[in-house]
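Here is a short briefing on one protein chain. Keep the sequence and the 3D view open as you read.

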Amino acid sequence: MFVAWPLYVLHAAFTGISLAVAAFFHWTAGFAFSAGLVDYVLSLKNPVANQPLMLLVEGLVMAVIYYFGFNFAIKKFNLMTPGREAEDAVDEDTAGVETDATDDKFMVQAKRIYAAIGGKDNIKVIDNCTTRLRLQLEDTANVNQSAIKAAGTAGINVLDKTNIQIIIGTEVQFVADALKELYNHNTPIATSTPEQAAAPVEAPVDSDINSGETDVFYAVANGELIDIENVDDPTFAQKMLGDGYAVIPTDGKIVAPVDGTVMTVFPTKHAIGIKTTNGLEVLVHMGIDTVELNGAPFAVAVEEGQTIKHGDLLATVDLNQITAAGKKTAMMVIITNMPAVDYIKFNAMSTTVAADAVALKATTK
């Protein structure tokens, strides 16, 4: 009804035909309540019913009509039923660049993105934040979104005619550096086969995961604990990077949400990467779009390689400075390697909590 409404119109026509045939031959069932299987079986002895077994025969005939009718309509009019969305298909004329054995996974991904956004001729500015490429292009209409997704990205946000964000994840800096290298060397775009363009970039298997273990995550600050879907940023809200939660803080003391090791402190100080004791990779992202503040509101209290316990001070944040800059203060905690998670149990959201309140429990596969 919602993704391919013409099929619903066709369904209405087929239903009308089916009812007309049944009425013409007086095939009826004595349904009393639910029109379900139990009612149908009982109707076999119901004096109101007339040749109810013929309804099964008609059903088989209509199943064939439905199948071939829908199949014809879907292909004839290119209806975007689930699994056939345009964004999931890679065009046959997808452009690419040649890769070689010396390219690491970041360069391979960068080359595919470089080709998909139109190469140097369509690029104006290459920038990045903690998780995404921030690109200014001549025209975002020239971007092949299917090829970008096939390159193994987490998602795409087209902001306007010239600005686009490509969600990579916490390794975005390496992809951005490779993309800048391609741009600076004016690397030409070559033609690749559809199979090359469609082959996704496979993520390496993490051997550090302790299977079947549970990590307990605590609120990252005092304030209101909210569902990640309610933060004012589509990349996080749509869980492109992973699942988690956020806290709207009432003070600037930001603490470790989980036991683990500090893996990354981003140069702009607005985000910290943590690996839990069981191997889950966690991103603590302080504020929304605060990368633009160049670290000014943040005083980070940890360093890379440091072992931490939940409740240890990660950073002190000047919330007033973030607000004055027109940014949101949501402190987000995201599990970025969700394929390693078996299940998550959340505590109640939209509640006022202390920093030591349990927010969720995540069990590894």
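Predicted model: local features only at pLDDT ≥ 70, side-chain atom pairs only at ≥ 80, totals over all residues.

The protein chain holds 9 helices and 20 strands. Its radius of gyration is 27 Å, well over the 21 Å that the globule rule gives for 365 residues, so the chain is more spread out than a compact globule.

**Overall form**

- Along the principal axes, the C-alpha atoms of the protein chain fill a box of roughly 80 × 55 × 40 Å.
- Of the 365 residues, 44% count as buried.

**Aromatic pairs**

- The count of aromatic pairs comes to 7.
- One of them joins Phe 14 and Tyr 66, whose ring centres lie 5.1 Å apart. The planes of Phe 14 and Tyr 66 meet at 70 degrees, and edge-to-face needs over 60, so this pair is edge-to-face.
- The Phe 14 and Tyr 66 pair links distant parts of the chain. Phe 14 sits in helix α1 (residues 5-25), while Tyr 66 sits in helix α3 (residues 53-77). The two residues are 52 residues apart.
- Phe 14 has a relative accessible area of 11%; the cut-off for buried is under 20%, so Phe 14 is buried.
- Tyr 66 has a relative accessible area of 21%, which makes it partly exposed.
- The rings of Tyr 67 and Phe 68 form another pair, with centres 5.1 Å apart and planes at 90 degrees, so this pair is edge-to-face too. Both Tyr 67 and Phe 68 are exposed.
- Ring pairs also build a cluster from Phe 14, Tyr 66 and Phe 70.

**A charge over a ring**

- Lys 120 lies over the face of Tyr 183. The distance to the ring centre is 4.8 Å.

**The cavity**

- The structure has 1 cavity of 30 Å³ or more.
- The largest cavity holds about 40 Å³ of space.
- Its lining includes Cys 129, Arg 132, Arg 134, Asp 233, Phe 236 and His 270. His 285, Ile 288, Asp 289, Thr 290 and Val 291 are also among the lining residues.
- Strands β3 (132-137) and β13 (281-288) each supply at least two residues of this lining.
- By class, the lining has 4 nonpolar, 3 polar and 4 charged residues.

**Positive phi in loops**

- His 26 has a phi near 60 degrees, a positive value in a residue other than glycine. His 26 lies in the loop between α1 and α2 (37-43).
- The relative accessibility of His 26 is 54%; exposed means over 50%, so His 26 counts as exposed.
- Asn 78 has a phi near 50 degrees, again a positive value in a residue other than glycine. Its place is in the loop between α3 and β1 (95-96).
- Asn 78 has a relative accessible area of 48% and is partly exposed.

**Lys 105**

- Lys 105 is found in helix α4 (residues 105-116).
- With a relative accessible area of 30%, Lys 105 is partly exposed.
- How far apart are Lys 105 and Leu 79 in sequence and in space? They are 26 residues apart in sequence and 35 Å apart in space, C-alpha to C-alpha.

Terms used
Residues numbered from 1 in each chain as written. Heavy atoms only, no water. Phe/Tyr/Trp six-rings, centres within 6.5 Å; stacked < 30°, edge-to-face > 60°. Helix = DSSP H or I, 4+ residues; strand = E, 2+ residues; numbered from the N terminus. Buried < 20%, exposed > 50% of the residue type's maximum accessible area, 1.4 Å probe, protein only. Lys NZ or Arg CZ within 6 Å of the ring centre and 35° of its normal. 1 Å grid on protein atoms, 1.4 Å probe; cavity = no way out; pocket = protein on both sides within 12 Å on 5 of 7 lines; lining within 4 Å. Points joined across faces, edges and corners; volume = space filled by probe spheres on them. Nonpolar A, V, L, I, M, F, W, Y, C, P; charged D, E, K, R; others polar. Rg over C-alpha atoms; globule rule 2.2 N^0.38 Å.
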